[in-house]
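Please open the model in your viewer and keep the selection tool at hand. The tour below goes from one selection to the next and says what is found at each stop.

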Amino acid sequence: MENKIENRIEELLNKMTLDEKIGQLHQSGVSIVGAFEVSFEELINMLTDGRITPKEFEEYMNNAEEDFHEDDIRAGHISSFNGVHGAEKVNRLQKIAVEESRLGIPLLIGADIIHGCKTTFPIPLAESCCFDEKLWEKTAEISAEEASSLGIAWTFAPMIDVARDPRWGRISEGAGEDPYLVSKFAVAKVKGFQGEDLSKPNKILACAKHFVAYGACEGGRDYNTTDMSKQKLHEVYLPPFKAAVKAGCQTIMPAFNDLNGVPCSMSKYLLKDVLRNEYKFDGMLISDANAIQECVIHGAVENRKEAALSCLSAGLDMDMGSNCYGEHTKELIESGDLSIDELNTAVRNVLRVKFRKGLFDNPYFTNSKREKETISNVKFRSLAKESALNSIVLLKNDGILPLKKEMKIGVVGNLAIDKWETIGAWAIMADGDNCISVVEGIKNSKNDVLYEKCIEDGKLIEDQIDKVCSSSDVIIAVVGESRDMSGEASSRGDISLPEIQQALLKNIVKRGKKVVVVLMNGRPLALSWEDKNVNAIVEAWHLGTEMGNAVSDVLFGDFNPCGKLTATFPYNVGQCPIYYNHPSTGRPAGKSKFTSKYLDMPIKPLYPFGYGLSYTTFQYSDLRADFNNQNLEVSVKVKNTGDIDGSEVTQIYVQDVVASRVRPVKELKAYEKVLIKSGEEKELHFVISCDDLGYYNEEMKYVIEKGLYRVFAGGSSEELLQVEVEL
Ligand code: GLC
């Protein structure tokens with residue numbers, strides 16, 4: 001099959017003109033045109049900085065039209081679109097490309113299908129707390145089912161940036177701080193989107209992003225510079241991409257940031273040495289939006305022409321939106337600055353993924369009938385609920401949960417009523433009206449619940465607080481972040497609850513009411529006051545379509561929460577970046593003043609990686625570990641010591657105690673989620689390849705050293721049994 005595709009690529013390439021080759025490197029968007037003399041982008045800028053009012057903007061938009069650049073498609077100058085969807089619309093454009101252009105090369109339609117399409121699943125940071133590859137794969141599969149019915153053949157997902165700083169808003173889009181877990185998440189998502197046979201109409205190309213170390217942006221400030229040793233790069237930030245490539249991921253998106261002074265979009269080291277030569281990646285690279293042009297702003301090149309040259313010769317195949325390639329590649333070839341071989345390589349990579357996707361043989365892979373049947377398919381809601389339930393993390397419970405149905409319950413907080421707030425960041429295709437708000441979900445379980453917003457225009461509404469507190473035994477306070485407070489360009493310097501929400505909580509607690517906090521947020525938050533002063537804290541993130549029903553089932557005990565954190569929650573933002581797999585230092589925090597700690601806050605996090613409570617309790621015993629041949633074999637017993645059944649994520653961590661470069665005090669190397677009935681005990685077995693215990697030495701050689709290893713087992717990165725074993 002592969003040879004056949006390669007032959008078809010060569011055959012086509014030999015027929016292509018220079019313009020047609022350059023056209024294959026250009027991804028376009030839909031332009032909004034109409035009775036306004038400026039570009040749509042400028043119109044947005046005018047709205048943003050107040051030069052036009054929202055009303056004026058709306059009037060402009062009422063007279064606007066979509067320009068799909070049909071003539072450019074017909075001329076073979078457009079290879080792909082970002083942001084077009086709908087079977088009819090896509091097929092109309094595809095027909096121009098396939099039946100009216102000279103060579104009939106089909107368009108590749110891409111979109112950000114990050115955590116669901118019309119059915120919205122939990123944001124990735126939430127879903128990662130399920131610790132369940134099968135579930136992660138299933139939600140990706142359904143996302144592909146829905147997206148492909150709309151004519152989308154490519155998603156710019158999974159986002160697999162390891163993130164150790166919750167100030168960074170895009171921590172919400174990934175799977176947290178641990179390279180091992182993020183790698184598992186990456187593989188599951190690639191498999192879910194692409195399936196076994198990528199050419200099937202209901203499968204879509206995956207795109208591992210953002211390559212690489214975007215999550216290490218200094219200060220947690222989006223787009224900021226990143227700088228680290230090659231060892232850290234290969235031990236922490238690259239593993240998920242290596243795993244994604246090994247799983248067959250067909251496209252990769254370089255990140256906006258510079259890494260050690262070189263913008264990722266033009267880094268030969270990253271795009272050629274690592275991706276192509278070391279990982280043997282043979283798919284296609286797509287720039288991030290406008291990122292090629294931004295190499296000029298980085299100060300890495302003089303102008304757009306140099307940006308085109310630097311990125312293309314570094315191996316960045318397709319240009320998303322900057323049109324640097326469209327404008328300058330021809331002159332670069334004619335001047336000899338860029339060789340025709342370099343251009344042909346990029347064109348081959350683009351054609352290869354189009355052939356593999358089956359677009360040449362089946363360009364019209366959807367239609368209105370399939371779209372209608374798929375998008376309205378209610379059976380996807382049950383999966384949305386299953387993933388929402390398993391993403392919820394119980395952070396605190398003094399026994400008040402689960403709530404009893406006979407209790408008089410009040411619900412407060414403006415996030416609780418808003419269906420659209422359930423979808424979180426990067427849910428561009430979501431149907432918010434079809435989502436269940438938290439209040440709605442609670443009322444589905446107990447319809448006599450009293451709800452009051454209690455916050456209006458940034459102020460507390462005392463009489464609403466009076467009303468809800470005077471008639472309730474328990475207050476459920478739904479607080480956290482609106483969905484535009486996380487995701488891209490949403491870094492926060494202060495990650496505590498918004499002040500007015502803190503004021504609401506303090507007001508209610510002061511009245512002596514019992515309070516259950518339900519968090520809707522896209523990042524770890526600093527909750528030290530809340531942890532001390534409220535009765536329970538349920539981390540509910542932004543869970544999507546079935547959010548309200550899932551939260552309600554957990555609150556009333558119809559589902560026993562089992563989520564485990566994949567990103568550390570600090571006491572205070574001053575502790576950031578903060579993560580569990582850190583080196584010991586020569587003076588680990590201790591009683592002595594002269595140890596690594598703060599004068600004014602604890603060194604430990606509020607809630608650590610891997611942490612999450614249940615309505616039952618689990619006890620670990622009998623941890624054993626031995627090296628056999630090339631494996632570390634671990635077994636441990638887990639008993640459900642409570643009176644209700646529950647699922648537990650048993651985590652296995654390993655420490656290389658002495659090494660030529662200091663190693664983390666522990667690293668997650670295996671986990672298993674098991675349902676254990678009340679009173680039941682299970683013995684779990686894990687086999688960890690010694691190949692996974694290595695690290696990069698001073699000479700950047702991957703080594704697995706003999707010596708002492710510590711093995712840990714437990715239900716959180718902090719409550720662990722441990723044994724020592726010699727390799
Ligand atoms: C954005 C994001 C990227 C997304 C792309 C296309 O700027 O960085 O994750 O896929 O544009 O929408």
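How many residues does the hairpin that joins E28 to E29 pass through? Select strand E28 (residues 708-714) and strand E29 (residues 720-726), and you will see that the hairpin joins E28 to E29 through 5 residues. Helices (H or I, at least four residues) and strands (E, at least two) are DSSP runs, numbered from the N terminus. The two strands pair in the antiparallel sense over 7 bridges, where pairing requires that DSSP finds at least two bridges between two strands. Gly714 has Leu720, in E29, as its bridge partner.

Before going further, note that this is a predicted model, in which local features need pLDDT of at least 70 and side-chain atom pairs count only at pLDDT 80 or more, while totals for chains, interfaces and linings use all residues. Residues are numbered from 1 along each chain as its sequence is written, and side-chain values use heavy atoms, with hydrogens and water left out.

**The open sheet**

Select E7, E8 and E11 next, which form an open sheet of 3 strands in the order E7-E8-E11, with parallel pairing. E7 and strand E11 (284-285) stand at the edges with a single partner strand each, so one side of each has no neighbour in the sheet. Strand E8 (residues 251-254) is joined to E11 by 2 bridges, and the two run parallel; Thr251 has Met284, in E11, as its bridge partner.

**A covered helix**

Now select helix H14 (residues 304-314), which is mostly covered, since 8 of its 11 residues are buried. Buried means under 20% relative accessible area, exposed over 50% and partly exposed in between, with a 1.4 Å probe and protein chains only. The buried residues include Arg304, Cys311 and Leu312, and what covers the buried residues of H14 includes helix H12 (268-278), helix H13 (294-298), helix H15 (324-335) and helix H16 (340-357). After H14 comes Gly315, whose phi is positive, near 110°.

**A buried loop residue**

Move to Thr119, which has its place in the loop between strand E5 (108-111) and helix H7 (124-127). Is Thr119 buried or exposed? Thr119 counts as buried because its relative accessibility is 8%. Its side chain is joined to that of Glu146 by a polar contact of 2.5 Å; a polar contact is a pair of N or O atoms within 3.5 Å, where within protein one must be able to donate a hydrogen and the other to accept it, and residues adjacent in sequence count only if both atoms are side-chain atoms. Leaving aside residues up to four places away in sequence, Thr119 touches Glu146, Phe380, Ala384 and Thr545, contact meaning heavy atoms within 4.5 Å.

**Pockets and cavities**

The last stops are spaces. On a 1 Å grid over the protein atoms alone, a cavity is a set of points where a 1.4 Å probe fits but cannot get out, a pocket is an open set with protein on both sides within 12 Å along at least five of seven lines, and lining residues have an atom within 4 Å of a point.

The largest pocket holds about 1,300 Å³ of space. Of the 50 residues that line this pocket, select Ser28, Gly29, Glu41, Met320 and Gly321, the closest to its centre.

The second largest pocket has a volume of about 1,100 Å³. Of its 36 lining residues, Pro179, His234, Glu235, Pro239 and Lys669 are the closest to the centre, and the elements that give two or more residues to this lining are H9, helix H10 (230-237), helix H11 (239-246), E24 and strand E26 (695-696).

The structure also holds 4 cavities of 30 Å³ or more. The largest cavity has a volume of about 50 Å³, and its lining includes Val654, Arg663, Lys669 and Tyr709. Strand E23 (646-656) gives the most to this lining, with 3 residues.

Finish at the second largest cavity, where about 40 Å³ of space lies. Ile114, Met159, Phe185 and Phe193 are among the residues that line this cavity, and helix H9 (residues 179-194) gives the most to the lining, with 3 residues.

Key. Grid points are joined across faces, edges and corners, and a volume is the space filled by probe spheres set on the points.
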